[in-house]
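Please keep the sequence and the structure open while reading.

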Amino acid sequence: YIEHGKVRSSEVYQGIPFEAEVINIADSSGYYSFSLQILNEKSFLLNKETKPRPFYSNIELNGSTFRIVPKITNPEFDGGRKFTYTWAPSKAIAGEISGRLMISQKSRNSSVLSFALNTLNPDKGKVILNQIMKEYGDYNVYDKSRISKNSLAFINERLGRLENELGTVEGNLQDFRKRTQFLDMEEQSKMYLEDISATEEELRKQELQLKVIELLDDYIKDKKNIYNLTPTNLGIDDPVLTKLISEYNNLIIKRDNELLNSKETNPVVKEIEFNIEKTRQGIIETLKNIRELYVVSKTELEKKNRVSKGEMFSLPEKESQIREIKRQQAIKNELYNFLLQKREETGIQLSSIVSNAKIFSEAEGGYIPILPKRKNAYMLAIFFGLLIPVIIIFIRDLMNDKVTTKNDIIKNTK
């Protein structure tokens, strides 16, 4: 908002007797401007029009629509005031602010930054500077919480799948009991089951790890997740895999930060994407190696388990079937509880994230103009005040062709 006075025009931020509401912008990259004069608490003049317009009326400007809402508190004072309102694209305003924003360290070894902004209106400058510092703190928290949020989304998705699978297993168990009228034979078969209990416990642990590896492998191989952060706390104890995932997440964050100021065709972005793909393939290969180790171990346990189950030949067929159903149910329950625990840990970690940026003091405005510099203005005024009379006297003397003194006669008759 620019207010036009009798002597000069100046930008205003507070005490404006109206507000220009944006109803519709036809071209978000364009600039829109109009002038108006407040007549009274009910009407105003637009640009060079002579017919007053009432407040709350729409202004059509190159396909865009604005509405003038009155905020008059003193009709006698506000009447006759002239303003120019300009709407500019947000990118242009951001570029203008960044060009005038100055950031400096308090000292060479200090982590304290000082922000300064040169504006035409101190009150507006204070609001902008305070908001910049707030946004900086908010982005700091957002940047630190991205990995945790992605991990939480990953865990929630897998929990939803497991809930459906557990419901299916429970339904199969109930259906089996009803269909076969199965009675609990656990006490009768106790002597045969003691040998395989320890083996099945180990099998459950192995299958749990394989399930976790499978979930992570599916997530990594999915092309839609190529530039998404990968969960890091799923309980796979392998230092090589942990290091690769950490490098992968750091590269994705680096790429996202580069895209804030560059396009996807930028060579730097392309190099980062190449490293991301290289690291992703390394993760896939590492998961394959880890899976093979678990599969070999699981195969040996299953072989041992089959030998032990051979001793259960006297048990009815139904007992073996229901134990298999219960085993599947136990594996899924254990995986479900494991993911619930990880969700709680991730939620606590996410809620404890705070910004490491602290605002020591709010922005303060200086009401003494910094431009133009008063000393320079005075010197220029004195210089031109002396130069102009000298030039005028010189020109008058140069153009004077009259004889005024005896020296003029002597000079022109020699």
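In which helix does glutamate 207 lie? Glutamate 207 lies in helix α4, and the model in which it is found is a predicted one. The chain has nine helices and 11 strands, and buried residues make up 32% of its 414 residues. Of the contacts between residues at least 6 apart in sequence, 69% join residues at least 24 apart.

- Glutamate 207 counts as buried because its relative accessible area is 12%, which is under the 20% cut-off.
- Leaving aside neighbours within four places in sequence, glutamate 207 is in contact with Lys298, Glu302, Arg327 and Ile331.
- Lysine 223 is placed in the loop between α4 (190-221) and α5 (239-259), and it counts as exposed because its relative accessibility is 55%, over the 50% cut-off.

- The 21 residues of α5 should span 30 Å at 1.5 Å a residue, and the end C-alpha atoms of α5 are 30 Å apart, so the two values agree.
- The buried residues of α5 include Leu241, Leu244, Ile245, Tyr248, Asn249, Leu251 and Ile252, and Ile253, Arg255 and Asp256 in α5 are buried as well.
- The N-terminal end of α6 is capped by asparagine 266, a side-chain oxygen of which lies 2.8 Å from the backbone nitrogen of valine 268.
- Threonine 279 has its place in helix α6 and counts as buried, because its relative accessibility is 9%.
- Threonine 279 touches Leu244, Glu247, Tyr248 and Leu251 when residues up to four places away in sequence are not counted.
- Although threonine 279 and isoleucine 245 are 34 residues apart in sequence, their C-alpha atoms are 8.1 Å apart in space.

**Nonpolar cores**

- The largest nonpolar core has 33 residues, and those with the most contacts inside it are Val212, Leu216, Ile236, Leu241, Ile283, Leu335 and Leu339.
- At least two residues of this core are supplied by each of α3 (122-180), α4, α5, α6 and α7 (317-351).
- Apart from this core lies another one, of 18 residues, among them Leu61, Phe66, Tyr85 and Trp87.
- Leucine 339 is in contact with Ile155, Arg158, Leu159 and Leu162, leaving aside its neighbours within four places in sequence.
- In soluble globular proteins, nonpolar side chains tend to be buried together.

**Cavity and pocket**

- How many cavities of 30 Å³ or more are there? The count comes to one cavity, and the largest cavity has a volume of about 40 Å³.
- Phe154, Val212, Leu215, Leu234, Phe338 and Leu339 line the largest cavity, to whose lining α4 and α7 each supply at least two residues.
- Val212 and Leu339, which are among the lining residues of this cavity, are also among the residues with the most contacts inside the largest nonpolar core.
- The second largest pocket holds about 680 Å³ of space, and of the 22 residues that line it, the closest to its centre are Tyr1, Glu11, Thr86, Ile93 and Lys124.
- Two or more residues of the lining of the second largest pocket come from each of β9 (82-87), α2 (90-100) and α3, and the largest share, five residues, comes from α2.

**Residues with positive phi**

- Most residues other than glycine have a negative phi.
- Asparagine 47, which is not a glycine, has a positive phi of about 50 degrees; it is placed in the loop between β5 (43-46) and β6 (53-54), and it counts as partly exposed because its relative accessible area is 45%.
- Tyrosine 56, also not a glycine, has a positive phi of about 70 degrees; it is found in the loop between β6 and β7 (58-61), and it counts as exposed because its relative accessible area is 54%.

Technical notes: Residues are numbered from 1 along each chain as its sequence is written. This is a predicted model: local features need pLDDT of at least 70, side-chain atom pairs count only at pLDDT 80 or more; totals for chains, interfaces and linings use all residues. Side-chain values use heavy atoms; hydrogens and water are left out. Helices (H or I, at least four residues) and strands (E, at least two) are DSSP runs, numbered from the N terminus. Buried means under 20% relative accessible area, exposed over 50%, partly exposed in between (1.4 Å probe, protein chains only). A polar contact is a pair of N or O atoms within 3.5 Å; within protein, one must be able to donate a hydrogen and the other to accept it, and residues adjacent in sequence count only if both atoms are side-chain atoms. A nonpolar core is a set of buried Ala, Val, Leu, Ile, Met, Phe, Trp, Tyr and Cys residues joined through side-chain atoms within 4.5 Å. Contact means heavy atoms within 4.5 Å. On a 1 Å grid over the protein atoms alone, a cavity is a set of points where a 1.4 Å probe fits but cannot get out, and a pocket is an open set with protein on both sides within 12 Å along at least five of seven lines; lining residues have an atom within 4 Å of a point. Grid points are joined across faces, edges and corners, and a volume is the space filled by probe spheres set on the points. The expected span of a helix is 1.5 Å times one less than its number of residues.
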